[in-house]
Amino acid sequence: MNIAIGDIMFQLVNILIIIFFIAVLVSVVRYVSKNERNNKQLQEKLDRIIELLEKERSRK
């Protein structure tokens, strides 16, 4: 009986470890996705600033 309880505990620990790694993976994917979105927005703002600066420079 002790062996069966030990096996069950081992399986539960393995399941918890797998769940932990899946949660970490999902968190990393969400973080990277959010970062890419923010980078894209920043790039669009910088492009707009460059465009305005070029227009200002061409007026002079």
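Analyst: One term to start: helices (H or I, at least four residues) and strands (E, at least two) are DSSP runs, numbered from the N terminus. This is a predicted model, where local features need pLDDT of at least 70, side-chain atom pairs count only at pLDDT 80 or more, and totals for chains, interfaces and linings use all residues. Residues are numbered from 1 along each chain as its sequence is written, and side-chain values use heavy atoms, with hydrogens and water left out.

User: How many helices and strands are in the protein chain?
Analyst: The protein chain has 1 helix and 0 strands. Its radius of gyration (taken over C-alpha atoms) is 26 Å, well over the 10 Å that the globule rule gives for 60 residues, so the chain is more spread out than a compact globule. That rule is 2.2 Å times the number of residues to the power 0.38.

User: What does the C-alpha trace span along its principal axes?
Analyst: About 90 × 10 × 5 Å.

User: What share of the residues is buried?
Analyst: Buried residues make up 0% of the 60 in the protein chain. Buried means under 20% relative accessible area, exposed means over 50%, and partly exposed is in between (1.4 Å probe, protein chains only).

User: And the accessible surface of the chain, what does it come to?
Analyst: About 6100 Å², with 66% of it belonging to carbon and sulfur atoms. Accessible areas come from the Shrake-Rupley method with a 1.4 Å probe, and for residues only the protein chains shown count as cover.

User: New topic. How many salt bridges are there?
Analyst: The count comes to 3. A salt bridge here is a side-chain nitrogen of Lys or Arg within 4 Å of a carboxyl oxygen of Asp or Glu.

User: Which residues are linked in a network of salt bridges?
Analyst: Arg48, Glu51 and Lys55. Glu51 meets Arg48 at 3.0 Å, N to O. Glu51 also bridges to Lys55, with the closest N and O atoms 3.8 Å apart.

User: How many residues apart are Lys55 and Glu51?
Analyst: They are 4 residues apart in helix 1, about one turn of the helix. Glu51 and Arg48 also both lie in helix 1, 3 residues apart, again about one turn.

User: Why does Glu51 count as partly exposed?
Analyst: Because its relative accessibility is 36%. Arg48 is partly exposed too, at 41%. Lys55 is partly exposed, with 43%.

User: Which residue does Glu56 form a salt bridge with?
Analyst: Arg59, and the closest N and O atoms are 3.8 Å apart. Both lie in helix 1, 3 residues apart, about one turn of the helix. Glu56 is partly exposed at 38%, whereas Arg59 is exposed at 67%.

User: Switching to rings. How many aromatic pairs are counted?
Analyst: There is 1 aromatic pair. Phe20 and Phe21 form it edge-to-face, 5.7 Å centre to centre, with 65° between the planes. Rings of Phe, Tyr and Trp (its six-membered ring) pair if their centres lie within 6.5 Å; planes under 30 degrees apart are stacked, over 60 edge-to-face, and the rest tilted.

User: Are Phe20 and Phe21 buried or exposed?
Analyst: Both Phe20 and Phe21 are exposed.

User: Which residues make the nonpolar surface patch?
Analyst: Val13, Ile17, Phe20, Phe21, Val24, Val28, Tyr31 and Val32 make the patch, which is about 750 Å². Patches use residues with over 30% relative accessible area and no salt bridge; like charges are joined within 9 Å, nonpolar side chains (Val, Leu, Ile, Met, Phe, Trp, Tyr) within 5 Å.

User: Where is Val32 found?
Analyst: In helix 1, which covers residues 2-59. Val32 counts as partly exposed, at 38% relative accessibility.
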